[in-house]
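My notes follow in the order I took them.

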Amino acid sequence: MCFPLLILNFSFTIRFLSASCTLISIIRYGSANTGSICSMLRKLSISHSVIDTPEQILSAEKLILPGVGSFDAGVRSLQDSSAWSALQEVHNRGTVPLLGICLGMQLLGYSSEEGSLPGLGFIAGSCNKISPPLDSTVKVPHMGWNSLNIQKPNHHLVATLPTPSRFYFVHSYCFKCENPHENSLATAFHGHSFDVMINSHLTYGVQFHPEKSHVYGLALFNQFASI
């Protein structure tokens with residue numbers, strides 16, 4: 001599960017210039033918080049729009065799939081809005097970059113212990129409940145700032161992130177790649193290590209919320225825009 005976020009206010013001085021004029025389309029499907037993402041993209045002067053029809057998804061140049069709430073509710077929302085079949089068609093084409101955020105990342109996998117419905121199946125992996133050791137003081141949900149352990153520092157999505165990078169998390173379930181050497185870009189530790197940035201071809205997922213992650217989130221969105 002991914003939860004709605006507290007509003008965090010920061011000031012910063014680092015500026016990013018988007019390397020791409022490509023329109024980024026943010027999918028609104030009933031389980032998504034689009035406003036904060038739009039705000040971040042505006043700060044970067046990245047062209048973007050919020051879309052909610054299959055036709056718009058099929059004609060998009062780049063896609064962001066956000067998400068908050070439970071896994072099965074997210075699946076049903078995508079199916080009820082007809083975004084599910086449109087995303088499947090876009091994925092099969094293999095030409096459109098797609099970024100899943102929080103629940104949006106979890107939906108890219110095969111399944112989740114949180115629910116019984118199948119995910120999109122774009123990246124080999126599934127979600128499990130965060131289960132800290134019995135003697136641990138670690139709390140669930142995993143809420144707050146955490147550092148990334150970059151697995152592929154030369155990958156284009158992470159190569160220009162600030163070092164070290166810290167992002168804001170709010171979730172109770174975590175992704176486990178079946179082929180981490182192939183699909184895991186970064187991990188984080190909260191009681192145990194789990195995958196928090198994943199990739200397969202032009203499909204990407206981040207468990208954290210870049211739209212709430214200050215300068216680190218700006219860097220990630222800027223890099224996604226340049227793909």
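I looked up the largest pocket and found about 240 Å³ of space in it. The search ran on a 1 Å grid over the protein atoms alone; a pocket is an open set of points where a 1.4 Å probe fits, with protein on both sides within 12 Å along at least five of seven lines, and lining residues have an atom within 4 Å of a point. Grid points are joined across faces, edges and corners, and the volume is the space filled by probe spheres set on the points.

This is a predicted model, where local features need pLDDT of at least 70 and side-chain atom pairs count only at pLDDT 80 or more, while totals for chains, interfaces and linings use all residues. Residues are numbered from 1 along each chain as its sequence is written, and side-chain values use heavy atoms, with hydrogens and water left out.

I listed the lining next. It has 15 residues, and Pro180, Ser184, Thr187, Phe194 and Asp195 lie nearest the centre. β10 (173–177), α6 (180–183), β11 and β12 each supply at least two lining residues. β10 gives the largest share, four residues. Helices (H or I, at least four residues) and strands (E, at least two) are DSSP runs, numbered from the N terminus. By class I get five nonpolar, seven polar and three charged residues. Here Ala, Val, Leu, Ile, Met, Phe, Trp, Tyr, Cys and Pro count as nonpolar, Asp, Glu, Lys and Arg as charged, and the others, Gly among them, as polar.

**Cores.** Which residues have the most contacts inside the largest nonpolar core? They are Ile64, Leu99, Met197, Phe208, Leu220 and Phe221, in a core of 37 residues. α7 (214–225) is among the elements that supply at least two residues. α7 gives the most, with eight residues. A nonpolar core is a set of buried Ala, Val, Leu, Ile, Met, Phe, Trp, Tyr and Cys residues joined through side-chain atoms within 4.5 Å. Buried means under 20% relative accessible area, exposed over 50%, partly exposed in between (1.4 Å probe, protein chains only).

**Helix α1.** Its buried residues are Ser36, Ile37, Cys38, Met40 and Leu41. They pack against β1, β2, β3, β4 and α7.

**Cysteines.** I searched the whole structure for disulfides (pairs of cysteine sulfur atoms within 2.5 Å) and found zero. Cys38 is buried at 9% relative accessibility, and Cys174 is buried at 4%.

**Backbone.** I checked for cis peptide bonds. Val140 to Pro141 is cis, with omega near 10°; Pro141 sits in the loop between β6 and β7. Thr163 to Pro164 is cis, with omega near -5°; Pro164 lies in the loop between β8 and β9.

Then I looked at positive phi. Ser45, not a glycine, has a phi of about 60° and lies in the loop between α1 and β2. His201, not a glycine either, has a phi of about 55° and lies in the loop between β12 and β13. Ser45 is exposed at 64%, and His201 is exposed at 71%.

Methods: Contact = heavy atoms within 4.5 Å.
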